[in-house]
Amino acid sequence: MLVTQQPVFRRFWYPVMPRQRLAEGPQTFELLGESLVLWLDQQGQPAAVRDRCCHRTAKLSLGRVDQGRICCPYHGWEFDPSGACVRVPQLKADAAIPAHYRVAAYRCTERYGYVWVCLEDPLLDVPQIDEAEDPNYRLIQEFYEPWQCAGLRVMENELDLAHPTFVHTETFGSEDHPTPDKLEITETDWGIHVYGTLGVVNPELQQQNLKMAEAQTLRTLEMDWLMPFTIKLKITYPNGLVHIVVNTMTPISDGCSQMVQFCVRNDTEVDTPAAAVIAFDRAVTLEDKHILESTDDDVPLSLSQEEHMFTDRPGIMIRKKVAALLKTQGEAALQTH
Ligand code: FES
Ligand SMILES: [Fe+2]
């Protein structure tokens with residue numbers, strides 16, 4: 001399955017850019033092969049339209065923002081957040097602007113410090129992360145970068161409790177725990193919920209971050225996959241510390257996804273500086289990135305194309321649910337091999 005070949009993926013919300021970047025001026029982002037220009041309107045709300053002027057196709061993102069409108073850098077036409085051309089400098093002030101002078105506009109909103117975009121009629125709302133809005137927790141922005149791999153591979157990876165022993169050798173993977181002690185999967189309307197426990201190594205940086213001196217510890221994991229490319233990974237440690245990773249792999253193209261990750265914790269900056277939390281999670285994500293970028297972009301939904309083992313049950317359920325989603329939309333999963 002290739003993401004740009006399945007129109008249903010256009011009907012989900014994705015985080016496309018940290019909101020603060022829009023303060024620097026218009027920005028461009030490619031979502032599912034569609035070039036967008038993002039900017040802030042006069043009320044400070046994010047706007048997203050196609051990054052191609054309807055006059056002579058220049059990229060609007062090379063222009064500037066004036067009174068909440070995006071101004072084309074080529075001949076100065078101005079577009080509002082609805083995509084309508086509202087000023088043509090070459091026309092007399094009282095001349096009407098033809099209604100067909102417009103560019104495609106997309107749904108756009110702000111959540112968790114990010115601008116989220118949905119290209120077409122959304123099937124779901126932006127993922128709800130209760131703890132991110134709970135005053136007992138703090139939100140730490142972590143990563144925003146392209147990964148050269150399919151988002152579905154990353155979703156499976158996060159629910160795959162057999163990979164830490166081999167991939168996370170410098171961070172938390174434990175040779176003594178090649179498989180989870182518990183792995184329970186429940187289907188939800190738009191995803192799956194996985195409960196698991198896994199013994200892990202607790203290296204020095206993590207001992208400080210977790211305020212736990214033991215060399216080994218146990219992760220209790222409550223993991224939610226939310227269609228199609230968001231994972232909420234809630235890790236609870238024996239001392240009560242909760243570390244929640246929220247990761248969306250925003251689809252750029254078939255072989256490239258924007259890795260967007262923040263974490264939510266029930267401790268404070270005085271307990272553990274955000275920089276130390278990020279440093280550990282950075283090491284973990286780079287271990288995953290190295291392997292995931294070596295995988296095939298085309299993720300088969302049919303189970304006959306790759307081999308499986310019992311720890312793959314969450315990933316198999318993800319593939320089945322995506323296949324069922326495509327079926328409800330009348331889409332066949334296109335396969336390149
Ligand atoms: S190409 Fe945009 S105004 Fe001419
Ligand atoms: Fe991993």
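## Arg50, Glu34 and their salt bridges

Arg50 is partly exposed, with a relative accessible area of 37%, on a scale where buried means under 20% relative accessible area, exposed over 50%, and partly exposed in between (1.4 Å probe, protein chains only). Arg50 forms a salt bridge with Glu34, the closest N and O atoms being 3.7 Å apart; a salt bridge here is a side-chain nitrogen of Lys or Arg within 4 Å of a carboxyl oxygen of Asp or Glu. Because Glu34 lies in strand β3 and Arg50 in strand β4, this pair ties together parts that are 16 residues apart in sequence. Strands (E, at least two residues) and helices (H or I, at least four) are DSSP runs, numbered from the N terminus.

Glu34 is itself buried, at a relative accessible area of 16%, and its side chain also meets that of Arg10 in a salt bridge (2.9 Å, N to O). Since Glu34 belongs to β3 (residues 34-40) and Arg10 to the segment before β1, the pair ties together parts that are 24 residues apart in sequence. Arg10, Glu34, Arg50 and Glu120 are linked in a network of salt bridges, and the structure holds 21 salt bridges.

## Basis of the model

This is a predicted model, in which local features need pLDDT of at least 70 and side-chain atom pairs count only at pLDDT 80 or more, while totals for chains, interfaces and linings use all residues. Residues are numbered from 1 along each chain as its sequence is written, chains are lettered from A and ligands numbered from 1 in the order in which they are written, and side-chain values use heavy atoms, with hydrogens and water left out.

## The six-stranded sheet

Six strands form an open antiparallel sheet in the order β1-β10-β9-β4-β3-β2, where two strands pair if DSSP finds at least two bridges between them. The edges are held by β1 (14-18) and β2 (27-31), each with a single partner strand, so one side of each is left without a neighbour in the sheet. The twist averages 35° from one strand to the next.

Within this sheet, two bridges join β4 (residues 46-50) to the antiparallel β9 (residues 105-111), and the bridge partner of Val49 in β9 is Ala105.

Seven strands form a second open antiparallel sheet, in the order β11-β17-β16-β15-β14-β13-β12. Here β11 (138-147) and β12 (182-188) stand at the edges, each with a single partner strand, so one side of each is left without a neighbour in the sheet. Antiparallel strands β16 (residues 242-253) and β17 (residues 256-265) are joined by 10 bridges, and Val246 has Phe262 of β17 as its bridge partner.

Helix α4 (residues 274-292) lies across β11, β14, β16 and β17, running at about 30° to β11; contact means heavy atoms within 4.5 Å, and axes are lines fitted to C-alpha atoms, for helices over the stretch in contact, with angles from 0 to 180 degrees between N-to-C directions.

## Asp267

Asp267 lies in the loop between β17 and α4 and is buried, with a relative accessible area of 10%. Its side chain makes a polar contact with the side chain of Arg138 (2.8 Å), the term denoting a pair of N or O atoms within 3.5 Å, of which, within protein, one must be able to donate a hydrogen and the other to accept it, and residues adjacent in sequence count only if both atoms are side-chain atoms. Another polar contact of 2.8 Å joins the side chains of Asp267 and Arg265.
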